[in-house]
Structures are given as structure tokens and as C-alpha cells.
Amino acid sequence: RGLAVDWTTGNVFYTDAGLQQIGVVTADGIYSAVIVNNSLDKPGSIVVDPTAGYMYWADSGLGPRIEIATMNGQSRRQLIDTNLVEPAGITIDFNGQKLYWS
């Protein structure tokens, strides 16, 4: 459901709600890896911040939430898990250093 490109490496990050996972693929398609595959319900929109080394995603399933992890899937934690109904979109304002979701 979601795609994000790391403009520093060309890697493409994706979410797959059907398989309940987040993965990454190199720009040439030769290498791919699943980097998050536990405790996901309906991962959707994803955005990366390669300068800080983080990725953020919205999960609109049971217990909707916004999560963060390093770009290799480590150090995962929930940022927002209250007052969310069905987060669908997520983006970063790099200049203002803010995360927005809808």
C-alpha cells in the first residue's frame, strides 16, 4: 500500500498490508529484504528520513498507530497510538522537522 524512496541510496521501502510486513528493495531490484514483519496489522503509508536514518509508517488496523524504526527495521517504537481512527497518509516536513498524518 505504501512506497517511499531513499533518495541517498535509491532503495525503495514498501508496506504490504496483505502479508503484514515492511520491506526494502534496491533500486536495481537485485536485493530485497523484509525488515519488519511482526505486530503489524494493516501497514499503509510509509515515509523515510535518510538524513536521520528513520522510517515512519501508519498502521490502520486494530489498534491504529504511527510507528518509527531505523531504516533497517531496528529500534521500533510507537509514536502515536491514541485518538487515531484509520491513519491513511503520512509525510515529513523536512524544513519544519514535523511529521504529518491524515
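In this predicted model, the side chains of Glu67 and Arg65 meet in a salt bridge, with 2.8 Å from N to O. Glu67 also takes part in a second contact. Its partner there is Arg76, and the N to O distance is 2.7 Å. Arg65 in turn forms a salt bridge with Asp59, where the closest N and O atoms are 3.2 Å apart. The structure holds 3 salt bridges. Side chains of opposite charge can pair when their charged atoms come close.

Asp59 has a relative accessible area of 0% and is buried. Glu67 is buried as well, at 3%. Arg65 has 8% relative accessibility, which is under the 20% limit, so Arg65 also counts as buried. Arg76 has a relative accessible area of 25% and is partly exposed.

A search of the whole structure finds 1 aromatic pair. The pair consists of Trp7 and Phe94. A pair of aromatic rings is described by the distance of the centres and the angle of the planes. For Trp7 and Phe94, the centres are 5.4 Å apart and the planes stand at 85°. Planes over 60 degrees apart count as edge-to-face, so the Trp7 and Phe94 pair is edge-to-face.

Trp7 lies in the loop between β1 (2–5) and β2 (12–16). Phe94 lies in the loop between β9 (90–93) and β10 (98–101). The pair therefore ties together parts that are 87 residues apart in sequence. Trp7 counts as exposed, because its relative accessibility of 51% is over the 50% limit. Phe94 has 37% relative accessibility and counts as partly exposed.

β1 and β2 pair in the antiparallel sense over 4 bridges. Across from Leu3 stands Tyr14 in β2.

Note on methods:
Residues numbered from 1 in each chain as written. Predicted model: local features only at pLDDT ≥ 70, side-chain atom pairs only at ≥ 80, totals over all residues. Heavy atoms only, no water. Phe/Tyr/Trp six-rings, centres within 6.5 Å; stacked < 30°, edge-to-face > 60°. Helix = DSSP H or I, 4+ residues; strand = E, 2+ residues; numbered from the N terminus. Buried < 20%, exposed > 50% of the residue type's maximum accessible area, 1.4 Å probe, protein only. Pairing = 2+ DSSP bridges. Salt bridge = Lys/Arg side-chain N within 4 Å of Asp/Glu carboxyl O.
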